[in-house]
Amino acid sequence: MPAGTVIRRGSRVVSERLPGETGALLLHLDSGAYHRVNGLGALIWDLLTDPLEVELLRQRIAAQLDDAPGSLELDLLAFLQDLAHRGLIALEHGR
Amino acid sequence: MAADQERRPPLGSVHGFAVESELRFRYLRDGGGEPLTVREDGAEPDAPGDLLANLKSRQGHLTQVYQRAGRFSLHMENVGWFGVAPETSTITVPRTPYGAWLEGAIWGLPVALLVLSRGGLFFHAAVVEIHRRAVILTGPGYHGKTTLATALAAAGHRLLAEDLVRCDVGPPTVVYPGPAMLRLRRDVAEWLVVPGAERVAEDAEKVHLALDPGRRGTGEALPLAGIVLLHLGETTSIERLDPGATIRDLWRVTLNIPTPAGRAQCFSDVTQLAETVPVWKLARPLTREALAVAVAMVIEAGRAT
């Protein structure tokens, strides 16, 4: 993913927090497809309330974790690519 | 002129509605509700509007759903056109000789669209009454939902719905009794008997039964005790699920108007429902021996909450 890529929540997606849990539910309004993310996924979704550059997103995630794994950047990029593939986020590549 | 315009008394209740019609129905319960007018028409609409969905029944019959200016038009293959006008709470139906079948069709998708256009949930589910509360039985097709509900009815628990159920998420969360009908597989109808039920029609796969008028009760809403998700298993077991583990299954059996606004409204209701109502997973093999055990488990779960 190119440096400076801005991540933006999909405009056709609504979300709900899982009751009693740390995860979240995402629904694509056009397709009706339903997705469930775990606690870390829900944190990422919350951090994307406003569009955010991918590096800044990584930093904010690391700040919230007690012990951020060394693979955080790779895991994050893979997760974001998956969300983009499902139409749940948009990737706007920087100049 | 004034006498002609007087409202007829309601014929009975279904899905929380008091039905007014010149048609005659077999499956209504006593009681009232919001007014709902059902009349014959069957004319093809000049401009049905946007096609929302193509739905295929298990028998392969196609139903097309259209929407225009807040109204819905449904075309059921080999039957004709239905109209749903939420603003006047009116459903128009085609002229057809298939009385019992037509009535079952009216209390399905047309009523569901009327309710969904105003908010509320509709599930593919059977529902029984246990200790004056409703217990929803739901799951994918061919998981024995109707057979289990019939067995519970045979054991003395009032059958509130056998295919579609209307639910308003609260507090309180309530369920409205649906039509007092049962459509049972022919082989199951040979050995599973609901006292007082009358055979009113048959088709290639199923026997259509009208519940005993003396046992079907009223259309008054009941509080929802819980939801049982049906799974297939090698042994019979029941376990309470965490809310987060239930939403995918509940979403799959929820009807929604396939528009962004329709989906968003149902999604919000389903997540709220999962948070507030107990949900169990009942796994069982589809055998007569396991059915008796499953009945006992559902009754106990319904009583325990």
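Visitor: What pLDDT does chain B average?
Guide: This is a predicted model. Chain B has an average pLDDT of 92, and 97% of the residues score at least 70.

Visitor: And what ipTM and pTM does the complex get?
Guide: The predictor assigns the complex an ipTM of 0.75 and a pTM of 0.89.

Visitor: On to the interface. How many residues does the contact take from each chain?
Guide: Chain A contributes 17 residues to the contact and chain B contributes 16 residues.

Visitor: How much area do they bury, and what share is on carbon and sulfur atoms?
Guide: About 1,300 Å² is buried between chain B and chain A, with 66% of it on carbon and sulfur atoms.

Visitor: How many salt bridges across the interface?
Guide: The rule finds zero salt bridges between chain B and chain A.

Visitor: Then how many residue pairs are in polar contact?
Guide: Five residue pairs are in polar contact between chain B and chain A, with both residues at pLDDT 80 or more.

Visitor: Which helices of chain B touch chain A?
Guide: Two that each supply at least two residues to that side of chain B are α6 (247–252) and α7 (260–276). The largest share comes from α7(B), with eight residues.

Visitor: How do the residues on that side divide by type?
Guide: The side of chain B that touches chain A has eight nonpolar residues, four polar and four charged.

Visitor: Changing topic: what is the strand order in the open sheet of chain A?
Guide: The open sheet of three strands in chain A runs in the order β5-β1-β6, and the pairing is antiparallel.

Visitor: Why is one side of β5 and of β6 left without a neighbour?
Guide: In chain A, β5 (52–53) and β6 (89–92) stand at the edges of the sheet and each has a single partner strand, so one side of each lacks a neighbour there.

Visitor: How many bridges join β1 and β6?
Guide: Strand β1 (residues 6–9) of chain A pairs with β6(A) over four bridges, in the antiparallel sense. Within this part of the chain, Val6(A) stands opposite Glu92(A) in β6(A).

Visitor: What about β3 and β4?
Guide: Strands β3 (residues 24–28) and β4 (residues 34–37) of chain A pair in the antiparallel sense over four bridges. Ala24(A) stands opposite Val37(A) in β4(A).

Visitor: And what is in the turn?
Guide: β3(A) and β4(A) form a hairpin with five residues between them. Gly32(A), in the turn, has a positive phi of about 75 degrees.

Definitions and conventions: Residues numbered from 1 in each chain as written. Chains lettered and ligands numbered in written order. Predicted model: local features only at pLDDT ≥ 70, side-chain atom pairs only at ≥ 80, totals over all residues. Heavy atoms only, no water. Contact = heavy atoms within 4.5 Å. Buried area = accessible area lost by both parts, 1.4 Å probe. Salt bridge = Lys/Arg side-chain N within 4 Å of Asp/Glu carboxyl O. Polar contact = N/O pair within 3.5 Å; in protein donor to acceptor, adjacent residues only side chain to side chain. Nonpolar A, V, L, I, M, F, W, Y, C, P; charged D, E, K, R; others polar. pLDDT = per-residue confidence, 0-100. Pairing = 2+ DSSP bridges.
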